[in-house]
Amino acid sequence: DANHRANRAVQQERAPDRRLIRQHRALAKFDAVVDTQTLSMTQNIPRALENIKPWLQPGGIFISVPVLETARHARAYIRCLEKAGFKLQSFEFIQYSDCGSRGAYPVFTASLEGKSIRLKLEKEYEKMWQHLNPGAL
């Protein structure tokens, strides 16, 4: 009935990560899968990452642009990637400007093959902060 459908829609809206972590059969494989600010908002990042893996063809890459404001959060995100079997291939920032406010999001590129790079995340975040806030101490 209409009440049941409306209630179900509200439940899905309150828990959007269910759609992310539900396993679907991969009908095709891709050379790249891109996440922009979605996985960092889900409650079960490792499970969502496990469900992304079947969609990647051998040698494919996963590019993620999460909302992570600190090096500590970025390190936890990298641990999730590694736990799911991904190897970090590169790390950089993409800058943005929103109503005069400047910021940057981290960009992680990972693969299921190869070796992981090692980062000094605190230094990377500090360099970006100084770039965005010149003259600040």
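Q: What makes a run of residues a helix or a strand here?
A: Helices (H or I, at least four residues) and strands (E, at least two) are DSSP runs, numbered from the N terminus. The model is predicted: local features need pLDDT of at least 70 and side-chain atom pairs pLDDT 80 or more, while totals for chains, interfaces and linings use all residues. Residues are numbered from 1 along each chain as its sequence is written, and side-chain values use heavy atoms, with hydrogens and water left out.

Q: What elements does the protein have, and in what order do they run?
A: There are five helices and four strands. From the N terminus the order is α-α-β-α-β-α-β-β-α.

Q: How do you know which strands pair, and how are they arranged in the sheet?
A: Two strands pair if DSSP finds at least two bridges between them. β1 and β2 (residues 56–65) are joined by six bridges and run parallel; β3 and β4 are joined by 11 and run antiparallel. The four strands form an open sheet in the order β1-β2-β4-β3, with mixed pairing.

Q: Why are β1 and β3 called edge strands?
A: A pair requires at least two bridges, and β1 (30–36) and β3 each pair on one side only. From one strand to the next the twist averages 20°.

Q: Which residues are bridge partners of T36 and D98?
A: The partner of T36 is V65 in β2, and that of D98 is S101 in β4. The hairpin of β3 and β4 has two residues between the strands, and C99 there takes a positive phi near 50°.

Q: Why is G103 called buried?
A: Buried means under 20% relative accessible area, exposed over 50%, and partly exposed in between (1.4 Å probe, protein chains only). G103 has 5% relative accessibility, so it counts as buried. G103 is in strand β4.

Q: What does G103 touch, leaving out residues up to four places away in sequence?
A: Contact means heavy atoms within 4.5 Å. By that criterion G103 touches I94, Q95, Y96 and L132. G103 and N133 are 30 residues apart in sequence and 9.5 Å apart in space, C-alpha to C-alpha.

Q: Is T109 buried or exposed?
A: T109, in strand β4, has a relative accessible area of 14% and is therefore buried. Beyond its neighbours within four places in sequence, T109 contacts I61, F62, I63, K87, L88, Q89 and S90. Of the 137 residues of the protein, 31% count as buried.

Q: What makes the largest pocket a pocket, and what is its volume?
A: On a 1 Å grid over the protein atoms alone, a pocket is an open set of points with protein on both sides within 12 Å along at least five of seven lines, whereas in a cavity a 1.4 Å probe fits but cannot get out. Grid points are joined across faces, edges and corners, and a volume is the space filled by probe spheres set on the points. The largest pocket has a volume of about 360 Å³.

Q: How do you know which residues line the largest pocket?
A: Lining residues have an atom within 4 Å of a point. There are 16, of which L68, E69, A104, Y125 and L132 lie nearest the centre of the pocket. β3 (87–98), β4 (101–111) and α5 (121–132) each supply at least two, and α5 gives the largest share, six residues.

Terms used: Axes fitted to C-alpha atoms, helices over the stretch in contact; angles between N-to-C directions.
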